[in-house]
Amino acid sequence: MRLGREAVFLKRRAMYLPEAFEERDPVEVETVLRDYPLACIVAQTQEGLVANHIPLLMGPDGSLIGHVALKNDIHRLLAPGQQVLAIFRGEDAYVTPNAYPSKPEHHRHVPTWNYQVVHAHGTITFQHDETSKRAAVGLLTRDHERRLNGKAAWRMADAPADYMTQMLGAIVAFRIAVTRVVAKSKLSQNREPRDHAAVTEDLDARGFGSLAGRMRRQGGRSVE
């Protein structure tokens with residue numbers, strides 16, 4: 001499922017987002033959601049702001065699917081259709097000025113941080129029926145199990161039926177209908193090409209291969 005283009009191109013007031021760092025590629029946005037599914041869901045309640053860290057999966061209709069423990073008060077604190085913000089954070093890393101080839105020439109550099117984040121705004125609906133809960137758990141586990149274990153993937157049917165019924169009784173499923181998305185890829189796009197390339201190699205050598213790979217994919221966008 002692909003996010004609609006209208007969900008990505010937004011005013012930048014929702015997050016500090018210099019134009020150079022605005023992520024406009026829907027495929028890149030979906031990659032962050034897929035590779036870093038543990039989202040922080042933030043919502044305003046009568047008791048103040050609440051935040052929960054919950055793995056989410058994009059459904060066939062573009063909604064975000066998840067579930068929480070029945071004992072988690074979030075499904076009691078939020079009204080049906082209430083606005084929430086799901087924050088997905090990709091790989092991040094410190095960037096040292098020593099990585100820039102241009103540093104010895106003028107020393108006009110300071111440390112910074114490279115990262116990718118996606119803010120998905122939407123309305124949340126909780127689902128208490130067993131069919132919805134089975135669907136949420138089935139979709140989430142199938143996605144992660146297939147990626148991790150392939151043909152040996154764990155299935156809900158592997159567990160005793162009465163045990164699964166008991167486990168499903170202890171959760172509440174939900175879906176977030178995404179209304180807008182703000183995405184940021186701060187990947188040294190504001191540096192000249194040689195500095196951008198050097199930071200990419202430095203991060204790769206330090207073990208931040210995912211971040212370096214994303215920098216290579218957008219390297220052509222580097223500007224002075």
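**Exercise 1.** Decide whether Phe 174 is buried or exposed, then find its ring partner.

*Solution.* Start with accessibility: Phe 174 has 1% relative accessibility and therefore counts as buried (buried means under 20% relative accessible area, exposed over 50%, partly exposed in between, with a 1.4 Å probe and protein chains only). This is a predicted model, in which local features need pLDDT of at least 70 and side-chain atom pairs count only at pLDDT 80 or more, while totals for chains, interfaces and linings use all residues. Residues are numbered from 1 along each chain as its sequence is written, and side-chain values use heavy atoms, with hydrogens and water left out.

Next, the partner: Phe 174 forms an aromatic pair with Phe 126, 6.0 Å centre to centre, with 65° between the planes, which is edge-to-face. Rings of Phe, Tyr and Trp (its six-membered ring) pair if their centres lie within 6.5 Å; planes under 30 degrees apart count as stacked, over 60 as edge-to-face and the rest as tilted.

Finally, location: Phe 126 lies in strand S6 and Phe 174 in strand S7 (residues 171-186), so the pair ties together parts 48 residues apart in sequence. Strands (E, at least two residues) are DSSP runs, numbered from the N terminus. Phe 126 is buried too, at 15% relative accessible area.

**Exercise 2.** Work out how the rings of Tyr 94 and Trp 113 are arranged.

*Solution.* Take the geometry: the centres are 5.8 Å apart and the planes at 70°, so this pair is edge-to-face. Then place the residues: Tyr 94 is in strand S5 (residues 82-95) and Trp 113 in strand S6 (residues 112-127), 19 residues apart. Last, check accessibility: Tyr 94, at 34%, is partly exposed, and Trp 113, at 41%, is partly exposed.

Notes
Helix = DSSP H or I, 4+ residues; strand = E, 2+ residues; numbered from the N terminus.
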